[in-house]
Amino acid sequence: MPVQGYELPDGKHMTNAPVILRSYVLALAFHLTGASTYAERLWAELDGAARWPGWNPSDFLDTAGTTHAFAIGYDWLHEYWTQQCRDLLAATI
């Protein structure tokens, strides 16, 4: 599947649910298997979302949901990420 892109399908709300779900699934899969492919895919998702033009601050739930996805990725894979990755995640949040 491609990395989740920035979308406002109705012009008001983002489609960020896939990023939240993928953060949980990929972080859990990494912890259960130890396979770095899951961590690297999660990084691709988070790095992609970090490059979105914004997290739709006019809708609190969009902003909160995307922040939630980043917090899961940051916390659950903290030891895996390089300092540069952690800095990007923290600055983006």
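Helices here are DSSP runs of H or I with at least four residues, and strands are runs of E with at least two. The model is predicted. By that assignment, the chain has 4 helices and 0 strands. Colour by secondary structure and read along the sequence: the pattern is α-α-α-α. The radius of gyration is 13 Å, close to the 12 Å from the globule rule for 93 residues, so the chain is as compact as a globular protein of that length.

**Whole chain**

The C-alpha atoms fill a box of roughly 40 × 25 × 20 Å. Of the 93 residues, 37% count as buried. Contacts come next: among those with a separation of 6 or more, 57% join residues 24 or more positions apart.

Select the charged side chains. There are 5 positive and 10 negative ones. The centres of the two sets lie 4 Å apart.

**The core**

Hide the surface. Which residues have the most contacts inside the largest nonpolar core? Select Leu42, Leu46, Trp52, Phe70, Leu77, Trp81 and Leu89. The core itself has 20 residues. Helices H1 (17-33), H2 (36-50), H3 (60-76) and H4 (83-92) each give two or more residues to this core. In soluble globular proteins, nonpolar side chains tend to be buried together.

Centre on Phe70. Leave aside its neighbours within four places in sequence. Phe70 is then in contact with Leu46, Ala49, Ala50, Trp55, Leu89, Thr92 and Ile93.

**The loop between H2 and H3**

Move to Trp52, in the loop between H2 and H3. Is Trp52 buried or exposed? Its relative accessibility is 10%, and the cut-off for buried is under 20%, so Trp52 counts as buried. Show what surrounds the side chain, not counting residues up to four places away in sequence. Trp52 touches Gln4, Gly5, Tyr6, Met14, Val19 and Thr66.

For a distance check, pick the C-alpha atoms of Trp52 and Tyr24. The two residues are 28 apart in sequence and 20 Å apart in space.

Last stop: Asn56, also placed in the loop between H2 and H3. Check its backbone torsions. Asn56 has a positive phi of about 55 degrees, although it is not a glycine. At 9% relative accessibility, Asn56 counts as buried.

Key. Residues numbered from 1 in each chain as written. Predicted model: local features only at pLDDT ≥ 70, side-chain atom pairs only at ≥ 80, totals over all residues. Heavy atoms only, no water. Rg over C-alpha atoms; globule rule 2.2 N^0.38 Å. Buried < 20%, exposed > 50% of the residue type's maximum accessible area, 1.4 Å probe, protein only. Contact = heavy atoms within 4.5 Å. Lys, Arg positive; Asp, Glu negative; His and termini not counted. Charge placed at Lys NZ, Arg CZ, Asp CG, Glu CD. Core = buried A, V, L, I, M, F, W, Y, C linked by side-chain atoms within 4.5 Å.
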